[in-house]
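Visitor: Please pick one part of this model and take me through it closely. I'd like the cut-offs along the way.

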Amino acid sequence: MNNIKPGQVSRLHTRLDRSLLSRDKYKLFLMALPFLALAFVFSYLPLYGWIYAFYDYRPGIPLKDSEYMGFYWFTSMFSNDVRRQEIVRVLTNTFAMSGLSLLTSVLPVAFAIFLTEIRSTFFKRMVQTLTTLPNFISWVLVYSFAFMLFSVDNGFLNNVLLNLGLIDRPMNILASDSNTWLAMTLWSVWKTLGWSAIMYIAAITGIDQELYEAAKVDGAGRFRLMWHITVPGIMPTFFVLLLLSIANFINNGFEQFYVFQNAINMGRIEVLDLYVYNIGMMNSNFSFSTAVSLLKSIVSIVLLFAANHLSKLFRGENII
Amino acid sequence: MNRRKQWSVFTILISIMLVFTACSGGGSANNVKNTTETKPSDSSSSAEPGKGDANGESAAKEEITITVFSMLANYAGEQPGWFAKLIKDKFNIKLNIIASNLAGGQQKIATMMAAGDLGDLVVFGSNGDDYQDAIKAGLLLDWNQNGLLEKYGPDILKNAGQAIDANKQQFGGGTAIYGIGHDVGSGEGPSEGAEMVFGPNLRWDLYQKLGSPEINTLSDYLNVLKQMKELEPKSDSGRPTYGISLWSDWDGNYMTLAKVISQMNGYQEGDGFNPAGLTLVSVNTKEWQGILDDDGYYLEGLKFYFDANQMGLLDPDSLTQKFSDVSNKFKDGQVFFSQFPWLSNAYNTPENTAAGKGFALIPFQQEKIVSYGMNPYGGNRVWAIGSKAKDPERIMEFLNWLYTPDGMMEASYGPKGLAWDIDGSGKPIVTDYGYKALPANTEPVPEEFGGGTFKDGMNQINNTTLKNSMIHPDTKEPYDYNLWTSVLNHDPDPVTKSWREAMGAMTPREYFVKNDLIAVHQPVFTGDAPATPPADIQQKLSEIGKVIKEYSWKMVFAKNEEEYNKLKNQMVDKAKGLGYDEVIKYDVEITEKTVFANR
């Protein structure tokens with residue numbers, strides 16, 4: 001940089017520009033680095049643990065001394081008729097409940113739209129707080145709440161109905177196999193409705209107010225505003241979340257079903273995660289559990305790409 | 001240029017550090033807990049130099065904290081109260097208890113194993129997989145190292161030498177000693193105290209009112225329970241009463257409370273030596289049955305509860321409630337039938353028994369109650385020392401004391417002079433305070449003995465050493481205060497009194513022995529370690545267990561006999577499809593090779 005000739009000035013400029021640019025790039029990269037590192041440590045490093053799926057691992061004993069099982073844990077799931085039936089049953093439950101939760105994923109959208117239409121700020125705030133609150137209650141507490149409400153011996157509901165003379169024998173609601181899927185979906189809607197609506201409320205506030213004004217000038221009523229402006233305005237958010245939940249189709253949680261399970265509803269409540277827990281983790285069979293989670297990851301990736309492809313096909317935009 | 005590079009390197013370093021501190025947070029928290037040696041300058045250590053100590057040596061000893069990892073403990077944290085004071089004075093040690101029962105369960109154990117450190121003093125719930133894996137993984141200390149056991153554990157060798165030998169043969173390849181079993185005892189006859197582990201116990205007052213109808217078989221109880229319910233339709237607090245109330249949170253590979261029926265018939269799950277699978281094995285003959293055998297005791301148990309439900313005697317919450325809910329129902333008098341004496345004792349409060357109301361043993365004439373019997377080789381709950389323990393000598397001294405007669409008395413019932421004492425003739429007596437505090441009441445403890453309540457101050461490790469029905473060498477009476485002559489003759493409450501008169505025995509144990517309604521388990525020693533089932537058997541077992549559990553409860557609550565039989569057939573078909581026969585075959589093979597071969 002010491003002997004600059006006059007003709008080189010413009011070239012120097014571009015070089016300076018470039019170095020400035022690359023310095024910015026550097027900076028941005030450095031800013032992102034901690035998060036990349038976090039993602040690496042928490043999402044990629046654990047992939048090393050997949051190796052346990054191929055051994056008979058017992059905690060405390062190093063892997064090199066453990067027995068090598070090959071694909072035993074993968075094939076054992078499907079190794080005979082009864083087991084295949086079990087897997088089919090469990091997957092049916094998983095898909096049914098995931099399907100129901102996909103269907104109910106429009107509820108938070110509707111809820112958010114109606115909530116923003118409410119004019120009284122106090123009432124709006126109160127409703128939002130009360131519906132968001134359940135999200136922070138753990139499932140264990142939700143169950144003890146459910147037990148207080150619905151138990152046979154001294155449950156609130158049975159007491160009320162008995163005292164009103166509407167029934168003459170207490171009902172056993174928790175230990176019943178009717179409508180398990182629906183009941184579980186309702187519990188989870190109750191718990192997550194307000195929380196999931198937050199994202200849509202944010203999306204609604206992001207919609208350009210001029211659109212509403214223009215539509216009003218054109219004579220659009222309230223419901224027309226909602227239908228023609230608000231709904232299309234939050235559709236992109238809705239679809240992103242929908243795609244992500246499709247990718248998570250097979251992991252529909254575990255705690256909820258774990259706390260609500262009992263012998264009577266076991267046939268329908270047992271989703272894949274719970275099944276793996278019941279036969280794998282309960283007996284410290286970590287290798288089997290790892291094998292299943294490995295398969296699940298693969299299914300999730302396939303589902304995500306399929307959904308993304310469909311989105312590209314129908315809506316002309318994709319998220320990956 | 002250079003500066004920029006430095007800056008970027010610095011940023012990278014920081015971010016990596018951030019990430020790793022975040023990751024290792026969980027692990028390091030554990031490490032800190034282990035053997036935190038209190039500094040000598042700690043104020044309390046020099047305050048009371050070995051008060052009431054026989055050898056007075058502890059005055060010179062530094063205070064240490066022992067991390068006790070107990071898979072049996074139901075209390076976590078520092079040992080409080082009178083037991084803390086006792087061992088502080090004797091050994092200048094504190095106990096920090098980690099209880100996997102309270103947080104994490106089997107997964108907590110797995111985490112500790114994988115981390116490679118089990119703490120200082122380790123208590124295993126069984127001598128099966130976990131114990132054997134810990135030995136294989138080198139997590140336990142060999143007690144032969146530097147003559148540790150010989151130097152610091154002479155009383156263990158003296159009082160439980162056979163148990164040490166057994167452990168050496170079974171788990172240490174004949175040379176190393178990694179632990180010792182619990183409840184070491186020798187001699188013939190039942191090993192239980194005054195009461196057995198199983199019942200059934202019913203409401204004695206109601207039974208008397210009904211004119212003490214004869215009960216020959218299990219199903220005879222149902223009519224009695226029905227009449228009891230008619231006699232007392234409401235509990236003390238006005239809730240409806242039930243004959244039987246069950247809970248499901250103790251279920252393993254089957255419904256535990258149905259399996260209990262086999263223990264009233266001389267059978268138990270597994271052979272008592274190898275880990276239990278799906279067989280019920282007689283405790284003193286060479287007979288066994290599969291858990292799903294049509295004429296087996298498990299199905300008899302299911303049928304019993306099913307019939308109870310058909311007669312409206314079964315608590316409809318049985319399926320969804322937890323053990324603590326049932327315990328509360330017993331306390332309130334909502335339940336009449338108890339599988340276990342210790343469960344129904346919750347109702348036998350001084351107020352209730354003074355009013356003549358209380359539970360007592362009402363056996364059926366064909367009963368053969370299981371007694372665990374004396375076992376000189378030690379039970380399967382193992383005491384061990386972690387390989388990373390800092391002061392194995394001090395830990396061994398403590399463990400040694402637990403295996404002495406003094407240790408037996410004091411660790412169970414508190415320091416001499418508080419709840420118990422020795423009278424002029426050298427016999428043990430329970431003090432006035434003891435009658436209020438024992439066995440585990442929330443009676444305040446005087447400050448000089450450690451303060452707090454008697455219950456909270458109890459030895460929270462929750463494993464035993466010598467069998468408490470063994471005879472104390474000095475007093476010539478058992479360790480168990482319930483069996484002391486002075487206690488048996490101490491002002492029995494009206495319920496006990498009436499029970500004794502009617503049954504012609506002082507204690508349930510005596511009644512069972514006298515009438516030959518008992519099957520005593522014979523100890524087995526083979527020189528081999530208990531089997532550890534291979535991975536595929538293990539997996540089959542848990543799959544089948546899940547099916548059996550699910551269908552068992554469905555059968556109990558089936559609408560009618562027809563549905564009951566349909567569910568039963570479904571259960572058997574499913575279990576067989578999952579490899580039930582192979583698991584049974586494996587179970588029987590190991591049982592025949594070890595237990596039956598030595599019986």
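Guide: Happy to! Contact here means heavy atoms within 4.5 Å. This is a predicted model, where local features need pLDDT of at least 70 and side-chain atom pairs count only at pLDDT 80 or more, while totals for chains, interfaces and linings use all residues. Side-chain values use heavy atoms, without hydrogens or water; residues are numbered from 1 along each chain as its sequence is written, and chains are lettered from A and ligands numbered from 1 in the order in which they are written.

Leaving aside residues up to four places away in sequence, B:K168 touches B:G173, B:G174, B:T175, B:A176 and B:I177.

Now for the interface: 42 residues of chain B are in contact with 50 residues of chain A. About 4000 Å² is buried between the two chains, 60% of it on carbon and sulfur atoms; this is the accessible area (1.4 Å probe) lost on being put together, summed over both parts. On the chain B side, B:T320, B:Q539 and B:K546 lose the most area to chain A, together 16% of what that side buries.

B:K546 also forms a salt bridge with A:E270, at 2.9 Å from N to O; the rule asks for a side-chain nitrogen of Lys or Arg within 4 Å of a carboxyl oxygen of Asp or Glu. Six salt bridges are found across this interface. Helix 20 of chain B gives the most to the side touching chain A, with eleven residues.

How values were computed. Helix = DSSP H or I, 4+ residues; strand = E, 2+ residues; numbered from the N terminus.
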